[in-house]
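Student: I would like to go through this model with you, one feature at a time. Could we begin once it is in view?

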Amino acid sequence: PASPYHARYRISGFAALDPRWWTQIMGYLAAAQVVTYEQDWLSVIYERSPELLARPGAGEDFTDAMAQAAREHGLTMQYCMPLPRHFLQGVRYGNLTSIRVSGDRLTPDKWDRFLYGSRLASALGIWPWTDVFMSHETDNLLLATLSAGMVGIGDAIGAEDKANLLRAVRADGVIVKPDTPAVPIDSRYTASPHEPMIAAAHTDHGMLRTSYVFAYARGSSTAAGSFTPAEVGVTRAAYVYDTRRRSSQRLEPLQAFPLRLAPHETAYFVVTPVSRAGLALVGDEHQFVPDGRARIAALEDGPERLTATVIFALQEASARLSGYAPRRPVAIAKSGSAGEVSFDPRTGRFEVMVAPAGGAGGGAERAPRAEPPAGADPVREAVVSFSLLPEKGQR
């Protein structure tokens with residue numbers, strides 16, 4: 001209230017209602033090459049600005065002027081500390097790209113709020129994001145990556161866990177994320193708080209949907225629960241891959257996968273569909289989101305082969321892909337190269353090293369794309385087809 005801005009612009013309490021003020025602020029930021037404006041303290045601004053509470057239209061004067069000035073200066077926006085009304089108001093602004101859905105400093109006791117808040121944000125077309133955490137906190141980093149929004153860390157410079165961060169991003173810093181934010185599966189809205197939380201996100205490649213399932217115990221006692229592939233969006237036969245135990249189970253869409261979690265225990269699963277060719281590709285298992293579009297750009301589900309387009313940052317020489325099959329598969333590179341497939345007949349797990357044109361290994365190669373999409377960093381690619389070797393006795 002003591003700010004000199006009050007003498008120059010129309011301001012109610014803490015809320016600037018004057019478009020001229022927003023034009024000045026956004027112009028200053030754009031001149032400094034800022035690309036996104038974050039409006040913090042939204043709940044406090046609303047509660048400390050009497051006109052917003054009393055006069056119809058005053059709240060829109062505040063948010064409309066902010067959004068319009070940001071749009072005119074080419075800035076996107078993100079909301080922080082919002083009330084539910086700010087989520088709803090945000091549907092009016094195409095340049096509002098993200099909204100914070102949990103309190104300061106992500107910790108496990110805020111995970112439920114984060115996931116339920118992500119359901120509201122994503123339903124309104126806004127990407128959820130979380131306040132900071134440290135990069136060595138694997139579950140926090142995983143959850144932020146599964147939000148499909150920003151991934152923000154709070155480490156001191158030089159204290160970052162590089163190896164962990166490279167599970168969230170490619171070597172060029174592009175986040176390998178799902179198509180949708182992780183949100184609680186439907187059954188969690190009526191589940192007892194003593195049952196585990198189960199949340200899922202997914203990536204769609206045509207008719208093939210891979211889901212990523214994060215689960216955790218919410219109380220001080222052992223929690224039991226289950227999910228089916230269909231409940232997490234996979235409506236065909238699938239492999240449920242336990243990333244912590246490195247084991248997999250083939251299930252039909254309505255078959256339950258049981259969970260039993262010790263107090264404070266977490267679990268993470270990749271649910272990957274069985275292709276028409278009879279095998280399932282998990283993707284680049286080094287990434288939290290192994291089938292994310294920033295790594296697996298496309299999957300072609302043919303009757304005899306599954307073809308993956310794998311993309312690489314310029315700094316990356318190769319990626320190890322994994323999957324599951326009833327018998328040994330073969331991998332053939334249409335561009336780039338594919339190494340020898342390793343296969344464990346006991347578990348059905350297979351792995352193969354894939355490299356882009358000009359990367360590690362030999363095989364057929366194709367020059368990198370000369371013209372990357374506008375604003376995107378250059379990438380290279382490999383195109384690899386997977387098929388099953390004939391069964392004994394077949395030609």
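Tutor: Helices (H or I, at least four residues) and strands (E, at least two) are DSSP runs, numbered from the N terminus. Residues are numbered from 1 along each chain as its sequence is written, and side-chain values use heavy atoms, with hydrogens and water left out. The model is predicted: local features need pLDDT of at least 70 and side-chain atom pairs count only at pLDDT 80 or more, while totals for chains, interfaces and linings use all residues.

Student: How many residues of helix H8 are buried?
Tutor: Helix H8 spans residues 138-146 and is mostly covered. Its cover includes helix H7 (111-123), helix H9 (162-165) and the strands E8 (197-205), E9 (208-216) and E14 (266-273). The buried residues include Asp-139, Asn-140 and Leu-146, and the count for the helix is eight of its nine residues.

Student: What is the phi of Arg-246, and is Arg-246 buried or partly exposed?
Tutor: Arg-246 is placed in the loop between strand E11 (238-242) and strand E12 (247-251). Its phi is positive, near 55 degrees, in a residue other than glycine. Because its relative accessibility is 47%, Arg-246 counts as partly exposed.

Student: With which side chain does the side chain of Ser-98 make a polar contact?
Tutor: Ser-98 lies in strand E5 (residues 96-100) and is buried, because its relative accessible area is 5%. Leaving aside neighbours within four places in sequence, Ser-98 is in contact (heavy atoms within 4.5 Å) with residues including Met-77, Tyr-79 and Trp-129. A polar contact is a pair of N or O atoms within 3.5 Å; within protein, one must be able to donate a hydrogen and the other to accept it, and residues adjacent in sequence count only if both atoms are side-chain atoms. At 3.3 Å, the partner is the side chain of Gln-78.

Student: Where is Ile-126 found?
Tutor: Ile-126 is buried, with a relative accessible area of 3%. Ile-126 is found in the loop between H7 and strand E6 (127-129).

Student: Is Thr-97 buried or partly exposed?
Tutor: Thr-97 is found in strand E5. Leaving out residues up to four places away in sequence, Thr-97 touches Thr-76, Met-77, Ile-126 and Trp-127. Because its relative accessibility is 30%, Thr-97 counts as partly exposed.

Student: What is the radius of gyration of the protein chain?
Tutor: The radius is taken over C-alpha atoms, and the globule rule is 2.2 Å times the number of residues to the power 0.38. With 395 residues, a compact globule would be near 21 Å, which agrees with the value for the protein chain, 24 Å.

Notes: Buried < 20%, exposed > 50% of the residue type's maximum accessible area, 1.4 Å probe, protein only.
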